[in-house]
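Q: I've got a protein open here and would like to talk through how it is put together. Can we go step by step?

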Amino acid sequence: MARKAVTVVANCSDCGTVRLASSKCALLHCRETDEYTIAYPCPDCGRRSAVPCSRAGVIEFFALGVQINAWNMPEELRDPIRSTGGREARDAMLDMITDDSWLAELDRL
Ligand SMILES: [Zn+2]
């Protein structure tokens, strides 16, 4: 199966639902929490977002050829303000994974 760019349905906090190529996404693995995050730039405004990624999501992205980058958590990520935003981001990621059009794209590969 040839690898090609797949359109990912993501969420920008400024633009709402956006679509971008999977090749624009980066898969990040935090060594401290053993959690995975998908980071991507908004195709409309360029704002970078990062959302937690489930194990199933990691497998999907890895299968698309997205590389996993390990990193260590900077202190500022422990800021409680960030954890509030995290819940919304997690919901957005769940929407991304369960988005049927995105799964349909996968099926067409
Ligand atoms: Zn945007």
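This is a predicted model: local features need pLDDT of at least 70, side-chain atom pairs count only at pLDDT 80 or more; totals for chains, interfaces and linings use all residues.

Q: OK, and which helices and strands does the protein have, in what pattern?
A: The protein has three helices and six strands, and reading along the sequence gives the pattern β-β-β-β-β-α-β-α-α.

Q: Which strands go into the open sheet, and in what order?
A: The open sheet has four strands in the order 5-4-3-6, and their pairing is mixed. Strand 5 and strand 6, which covers residues 68-71, are the edge strands, as each of them pairs on one side only. From one strand to the next, the twist averages 30°.

Q: What does pairing rest on, in general?
A: Strands of a sheet pair through backbone hydrogen bonds, and they can do this in a parallel or an antiparallel way.

Q: Then how do strand 4 and strand 5 pair, parallel or antiparallel?
A: Strand 4 and strand 5 are antiparallel and are joined over six bridges. Looking at particular residues, Tyr40 stands opposite Ser49 of strand 5, while Thr37 has Pro52, also in strand 5, as its bridge partner.

Q: What sits between those two strands?
A: Strand 4 and strand 5 form a hairpin with six residues between them, and in the turn Gly46 has a positive phi of about 85°.

Q: Switching to Arg48, where is it, and is it buried or exposed?
A: Arg48 is found in strand 5, which spans residues 48-53. Arg48 counts as exposed because it has 10 C-beta neighbours inside 10 Å, and the cut-off for exposed is 12 or fewer.

Q: Which residues does Arg48 touch, leaving aside its neighbours within four places?
A: With those neighbours set aside, Arg48 is in contact with Ala39 and Pro41. As for Cys12, which is 36 residues away along the chain, its C-alpha atom is separated from that of Arg48 by 8.1 Å.

Q: Going inside now, how much of the protein is buried, and what makes up the largest nonpolar core?
A: Of the 109 residues, 17% count as buried. The largest nonpolar core has eleven residues, including Val8, Cys25, Ile38, Tyr40, Val51 and Phe61.

Q: Which strands supply at least two residues of this core?
A: Strand 1 (7-12), strand 4 (36-41) and strand 5 each supply at least two.

Note on methods:
Residues are numbered from 1 along each chain as its sequence is written. A residue is buried if 20 or more other C-beta atoms lie within 10 Å of its own, exposed if 12 or fewer, and partly exposed in between; C-beta atoms are placed from the backbone. Two residues are in contact if their C-beta atoms, placed from the backbone, lie within 7 Å. A nonpolar core is a set of buried Ala, Val, Leu, Ile, Met, Phe, Trp, Tyr and Cys residues joined through C-beta atoms within 7 Å. Two strands pair if DSSP finds at least two bridges between them. Axes are lines fitted to C-alpha atoms, for helices over the stretch in contact, and angles run from 0 to 180 degrees between N-to-C directions.
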